[in-house]
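This note is written for a colleague who is meeting the model for the first time. Please read the points below with the sequence and the structure at hand.

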Amino acid sequence: MVTKASFTKKASLVNFFVYCTRYGQEEGDEYQKVLYYYPPEASEDSKIRTVGLAEAVIRFTGTFNCEHPCEYLTTKKTKQYFYEPEPDFWMAMTIGIPVTEKVKDGVSVPEYCSEDVWSNVYRSILIQSYEMFRFFMGTFESVLTKVSDDVNGLKSRLEHFYSKYVLTMELEHASLLDAIHGLIFLPLDRQNFLKIHCLVNLLEEQYPCARHVVFLYNEMLVWSGLEQKDMQVFYRYLTTNLFPSCAPEVMNSGRMTPQAGRFLLGPPDVKEEENFGKIPHVILHAGPTPEELQLVIYKLQNACICIFIDGTCRPGPVCFPWLFLWDIFYMDNFIYPTDTLQLTMDFFRKLEAFLLTHAPPVVEDVTTQQAKRLHSAAPDQHFKYVYFNRTNLAQKNTVIIEPGDRSSGGIPVEALRLLPDLHSDLHHMGTRVEIAAKMTNDYWVVAKLSDSREFYVVLNQKSASLLEITEEVQKLCRSQFNNIFFVD
Amino acid sequence: MKTMMTSSNDETDYFLNLCDDPIRFEPASAINSVFYDECGKQVFAVRSGGATGVIVKSPVKDNNHTFQMEDKGSLASLKLSPDQKILALQRHKNSVEFLNVVNNELSSLEYSQQCKGKHSIILGYIWVSAREILFITNNGLEFYHVRFAILSLSVYAEKQSLKCLKTLSMNVAWYEHSAITDTMLVATGSAFHPVLLCPGNVVRLPKFSLDSQHTVTERDVALAQIYGENSVLFLKHQLHGSVSVTVEIVIYTVTRETGAKKSHVLKVDQSGRVAINVVDNLVILHHQPSQTSLTFDVNLPGESDGYVIYHEPVTFPLPIKPQELDGSPCTLYSTMWVAFQPDVIIDAKTGSLWHLHLNLPAIVQHITNKLKLVQFLVGRGGPMAKSTLLRVLYLSISPEIGPGMCILAKIFDLLNGMYRVHLDKTVQSQMGLPAHGGPKLPPLPAQVPFHMMVCDQSDMYMHVFLTLVNEYKNTCPTNIRSAMIEYLRSLGQFHIPVQHFIIELLIDNLVTDSAFYQLHQLLQYNVIPDSKPMACTLLALRSMYEPAHQVALDMLKRLGTANEEILEILLSNFQIISAIRFMEEAEGSFQSSFAPKKFLEAALTNGNPLVFHSVFKYLQMRNLNLRNSPEFIPSEACDVYVNKFMEMFGADA
């Protein structure tokens, strides 16, 4: 491995677009097939050319392998990813390859590091961008149906959604975590978990319109009533979007007392009659049929209770149909059909009263336990690792600190950059694999796959041999994960 | 289900009923006097002063007698000694006469005992034991020993047959006595003395008085045992104009150490004639004018001022179940009724003695609050108590009619609190329960009924959860699962280890519902305890839910005693190299039963010659290390694989 100088230009988004091959197949009508294009300031002409090129590449490569369409195209300066989420609908994202300056014969020349644009990570980011759209808007096809096949209706929704989403993708910080897309679970004892589970059951019983409930504490998952696939998308929305945007509000909000909670999604204050705040529609796709629900989130101390409400179901005993306009996701002026809404301020008042009656004792018990756990936690682990279990999507990570500074913890960036490649290599090699990579600076990166578990560890051991490193990793597995069975 | 709840017939409507076979005796009349002895539970029908017969009837068959005796004037009372050998009777104000029972007949020899004080009047007497009798006079208590001998004419000496053991002097206005608690309440003007009667001794406890000034007569007092406690019940009246309104029943608890202490107040608010019975630790107040009865349970929580607990009736007033007597409807709540403790009702007019019974299943529809109902039922004894409780639990979880998780949680906590107390008392060592004072054990029920009913996990499984799961097999409602989770939480709250069959049922339910991700979360947080049977259950789920396999292996690993099983699983999965590595790592734990044949067989079935080659070579090396020879020993039965190896790779490979 070669230690690289830091990039003079980081990975960046060149373009991002959605097109549909059903439209604009006549010459001169090409612009019709472009459903969304970023950057918006690009000229009509360049949009058509870029989309046309992508279409051509896919069609050309398709002649060699029609089963698996082309996934990405690497050029000297860019890497373009393709994804066909639904028949005839294509998404593409082009990444500018990071650049380092190299001095050659006294002249500084740019060197493009295409190996640092990991195909698995960025393709995963592209797919997630589709899943997020589908979570809030539904499939492209279903949106088209909703707007009576008026393609402009779909276009405006794509525009509303992606114009903001694209800006939140943080491509320069992409890492292994984007590829594995895991969930962080709260370490919790059995009894407190059961208490939370019972609280959720009680909530679902008292509010039959609450179809699913997700309980998080300190942004870590405790209980999910969603199917795994939906949970993955939802968790990503929470951690990359909702929680970061809410954090400062909590700090400034004067009415916050330790006892009180508030709706993160829902009415900002139930005493105000008209202001329902944001209550997004979401569409769950993991079940046999898509389920359209409304998302309300209540935050109480460190706990976050996410309630997926079926608006067609009467939410409570007393409920007057109350039509109001509301917005979707973070699009403030977007008007959505309100025909199914039954959520009234009275409903929210009751819901808040319910939560304030039943949740605080449970949350306080968890808080007490967490405080004890932190107190007794081993100080500063001497090794850094990423653990991922594909079966329950559990992820643990002491290497990559999110978001911002991803190279802290004394781990060289080179080691981190290696992780996505190791991830991809593991999966190409079988079900039980171990790869050890030595870096030039005494660092070792060991990746281990044991059935559905992945384990990446970064070690710094001077002049260690491969054997010693393997033993060290085995020792770590035994001490850190003594409650699970690593098949070697 | 619903129809069962709302259907009404005689059986389920009435909570109280009289026994079907009352003891019958000749009704009281001018020539027939009737006496009832609470101690011996015997009715004495005395015709013509005994000359034409004394008929003694009792619920105990052996205590039925027919005697004849001389008519020596009107009788004030008759009482047989507990061993049925001596009949004591009172004809005069200052003496008690005795007649021995010989061969089921009264001896003609009568002896008598006068009370000590010249001017004392005997208010009554009590057989304390077979040979001890207590006289209660207006001036005190006199305790006698009766010398019993087959008296013949020669030793006939009336005066010497009783020996005074003890006297206590006090002013006695009236007294009440309970044979069950061996306690007597003596009224001395405005104060009361509890007196404990023990064989050989009579103990007077410190006096106490009621807070209010009104006069109390013996009609307003009942002595009973309630939840093992020696209790005195006072009916407290208040005059509303000329009408007496019973406002409350005040219960004092009597112990030898502390004397009498006011402990409960039962709120009544009825006017007119009332009578008290105590059945199965419940206080039943019969109200004659309205022909209904109120039931109180002092075990139920009530308002408390720190000393005294105030109780509301358990149900609204309910009538006793209509009954037939001699082919025609029996008059209930007759003015001729007299109630005796604990559960006896006598109608002197018809000559009947009934025991009052509870029809527990009927209470289910009279107490709508399910938590209160369960609290009520756990205090009950009798054959129907537990089945009724389990039925109520079943109904509480049933979809649509259940009271909801909030109440259910409290019900489970109540039951498991008592379950925990029971476990502490009995099987602590066997179950390996965490010791008391472990972290966060919630306060255990302070007041545990003395015949505490315990609903353990197998009761809950058999009669509640399993029945429900079977009944709602097709719809698989989530609230049954929620209830099971709630039950697990409650068990955990009281540090009671959950048993395998409960978890198994929960897993079945989750699997039927394809809620695998939820199941995985339960496993992840160790809600499902580790055990070999559980690991096997999970392994069996693999075809439906692949990750169950991984979780099962984790579980076996954590158990630390299941290395053989892990090895078998790896081999059956053809993870032969992994199996060898695992075996080497877990060295020592199963070298003795090491069978190279298994590895070779799996390697061969696997179909990869390279793996077979490696495994074979590895085992040869192992043999070399162990025995200095690469050969397998005959007992390992590996010949067939050795031949196969040579066939595949040649003899010198």
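1. Some conventions apply throughout. The model is predicted, so local features need pLDDT of at least 70 and side-chain atom pairs count only at pLDDT 80 or more, while totals for chains, interfaces and linings use all residues. Residues are numbered from 1 along each chain as its sequence is written, chains are lettered from A and ligands numbered from 1 in the order in which they are written, and side-chain values use heavy atoms, with hydrogens and water left out.

2. Over all chains there are 53 aromatic pairs (rings of Phe, Tyr and Trp, the last by its six-membered ring, pair if their centres lie within 6.5 Å; planes under 30 degrees apart are stacked, over 60 edge-to-face and the rest tilted). In the pair A:Phe16 and A:Tyr36, the ring centres are 6.3 Å apart and the planes stand at 65 degrees, so the arrangement is edge-to-face. A:Phe16 belongs to strand β1 (residues 12-20) of chain A and A:Tyr36 to strand β2 (residues 34-38) of chain A, so the pair ties together parts that are 20 residues apart in sequence. Helices (H or I, at least four residues) and strands (E, at least two) are DSSP runs, numbered from the N terminus.

3. Which residues make up the aromatic cluster that includes A:Phe16? One cluster is formed by A:Phe16, A:Tyr36, A:Tyr83, A:Phe89, A:Tyr130, A:Phe133, A:Phe140, A:Phe161, A:Tyr162 and A:Tyr165.

4. The buried residues of α4(A) are A:Val151, A:Gly153, A:Leu154, A:Arg157, A:Leu158, A:Phe161, A:Tyr162 and A:Tyr165. Among the elements covering these residues are β1, β2, β5 (89-96), α2 and α3 of chain A, where contact means heavy atoms within 4.5 Å.

5. The UniProt record, in an unreviewed entry, lists residues 14-138 of chain A as "domain: CCZ1/INTU/HSP4 first Longin"; UniProt positions are given in the numbering used here, feature names are shortened, and annotations may be inferred rather than shown by experiment. The span is 30% helix and 35% strand, and its end C-alpha atoms lie 26 Å apart.

6. How many salt bridges does the structure hold over all chains? The count is 33, a salt bridge being a side-chain nitrogen of Lys or Arg within 4 Å of a carboxyl oxygen of Asp or Glu. One of them joins A:Asp45 to A:Arg49, with the closest N and O atoms 3.7 Å apart. Both residues lie in helix α1 (residues 44-62) of chain A, 4 residues apart, about one turn of the helix. A:Asp45 is partly exposed at 49% relative accessibility, whereas A:Arg49 is exposed at 55%.

7. Further salt bridges occur in chain A. A:Glu111 and A:Lys102 meet at 3.7 Å, N to O; A:Glu111 is partly exposed at 33% relative accessibility, and A:Lys102 is partly exposed at 44%. A:Arg22, A:Asp88 and A:Glu141 are linked in a network of salt bridges.

8. In chain B, the side chains of B:Arg481 and B:Asp513 form a salt bridge at 2.3 Å, N to O. B:Arg481 lies in helix α9 (residues 478-493) of chain B and B:Asp513 in the loop between α10 (500-512) and α11 (516-524) of chain B, so the pair ties together parts that are 32 residues apart in sequence. B:Arg481 is buried, with a relative accessible area of 13%, while B:Asp513 is partly exposed at 33% relative accessibility.

9. The charged end of B:Lys79 lies over the ring of B:Tyr125, 5.4 Å from its centre, and that of B:Arg380 over the ring of B:Phe376, 4.8 Å from its centre.

Key:
Buried means under 20% relative accessible area, exposed over 50%, partly exposed in between (1.4 Å probe, protein chains only). A charge sits over a ring if NZ of Lys or CZ of Arg is within 6 Å of the ring centre and within 35 degrees of the ring normal.
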